[in-house]
Amino acid sequence: MRARLVLLTLCSGLFMAMLDNLVVTTALPAIGAELRSGTAGLQWVVEGYALVYAALLLGGGALGDRWGRKPVYLAGLALFTGGSALCAVAGGLGTLVAGRAVQGLGAALLTPGSLAIVRHVFTGEAERARAIGVWSGVSGSGLALGPVVGGPLVDHFGWASVFWVNVPVGIVGLVLAFRVLPDVPRSARRGDPAGQTAVALGLGALVYALVEGPVRGWGDGRVAGAGAVALLGLAAFVVVERRVAAPMADLRLLTDRVAGTAAWAGFAVSFGFFGLGTFLSLHLQYVLGLSPTEAGWAMAPCTLSTAVVSVLAGRLCARYGPRPPLATGLFLVAAALAAFARYGPDARFADFGWLLGVLGVGLGLVFTPVSVAVLGAVPAERAGMASATASMAREVGGVAGVAVMGAILTARLEAVLRARLPRGGGADAAAVARSVTAGGGRGPGGAGAAEEGVGRVVRHAFAAGLDLAALVSAGVLAGVAVAVVVVMRGPRGDIGGRAAGALVRRS
């Protein structure tokens, strides 16, 4: 009973952190209208959380190893709750993005400790596999439930309510965690400030270049400089981690035939899901005219199937190993994205809505095998590092997905506008594109306020851009799915008829 209460407590904090990855998506149009922001500014609302979360996850895992899982988890939950309050009272885009960054810092501290505590509490192989299945199911359902929860909140209480709701939940979670979480033995790991600085600088510069490039122009000095800093920062991170005595991330894990391939699979599925989730919400409201609640409920098929299948995937891993469900899930997500792109800009939700169920099944089949495979690659004392490495790969995939799909969408949108709008006058293609991307009075939803004909063109261009971005993402996922089938083949990747916990016997 005590172990179940610990799992429930950890899952509540994890659910809130995962929920906030996408709960804000249904609020983006309302935020854009009130704060006069275009798509680039709205991307920063999403990326402000995801970027800090991804960049600091490895540091969060290392801090938990050194200072203790419980205190670091409590600190993360407190920061997340405080960041939520800051977002709720934000009166400008800068304050909102800053609050999202604080939320991301809190999530980076609590997430790796959560899975490490699960591993400490559930010592039996079979029960650990089942617990990881529940943990992964909560993680996946939190991601998928974000739009469903956010829509009604925005409609009835305004966009700030998607942040206010975290505050009482976070306070209750803090009390529960203080009372029931066990003290996990610490390790004597040293800090890695050089590695942490390099990865944060590299990822931050990369996202800046990808988000601002379509707005400022790829030849802009700041964009080009950010690209150079990104290359140098990420290269420095690899060099530092290979040479430092106590690395923050064991990059050899990413080359492991089972665990490394699984981590890259987590990267790929987040690349597709986060990118689509962010811009699909805009598509449903800007292009199809759905309300926030309707847009949120449109994601319900994805929500339900992800929650159910994530738990089922734990049992599949226990019987067949991680490779079969992982490969199947990746192929399903790739197929759903490719099929969505084929419907074209004039598609109605009734045409493609069924694909969200397929997407959810695919997501559910990926989350659990990734965790099982990666945790099976390291001894218990390095569980925090392994968990953080896998989570970082997943979150970097989400960050990259939003940034890359946003850049593709913007480039295609501008091309369609140039082809269909005349130069000069109020309907100048360049002026309309700047309005849609940079905001300042007419964001995406208001692009056609003065002229309905221009509005139709903008909506068509936005949908065409999203279709192309989804197709590119589908190609990435299909390629990684093939890698899973080929690379994970063998005695370590095909473990049938045994508990998933057998994967951790190497510890």
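Tyr-208 has a relative accessible area of 24%, so it counts as partly exposed (buried is under 20%, exposed over 50%, partly exposed in between; 1.4 Å probe, protein chains only). Trp-44, with a relative accessible area of 19%, is buried. The model is predicted: local features need pLDDT of at least 70, side-chain atom pairs count only at pLDDT 80 or more, and totals for chains, interfaces and linings use all residues. Residues are numbered from 1 along each chain as its sequence is written, and side-chain values use heavy atoms, without hydrogens and water.

Nine aromatic pairs were found. Rings of Phe, Tyr and Trp (its six-membered ring) pair if their centres lie within 6.5 Å; planes under 30 degrees apart are stacked, over 60 edge-to-face, the rest tilted. Trp-44 and Tyr-208 form a tilted pair, at 6.4 Å centre to centre and 40° between the planes. The pair links helix H3 (residues 39-67) to helix H9 (residues 193-216), across 164 residues. Helices are DSSP runs (H or I, at least four residues), numbered from the N terminus.

Tyr-49 and Phe-80 pair edge-to-face, with 6.3 Å between centres and 80° between planes. Tyr-49 lies in helix H3 and Phe-80 in helix H4 (residues 69-88), so this pair ties together parts 31 residues apart in sequence. Both Tyr-49 and Phe-80 are buried. Together with Tyr-53, they form one aromatic cluster.

Lys-70 lies over the face of Phe-178, 5.3 Å from the ring centre (NZ of Lys or CZ of Arg within 6 Å of the centre and within 35 degrees of the ring normal).

Notes. Helix = DSSP H or I, 4+ residues; strand = E, 2+ residues; numbered from the N terminus.
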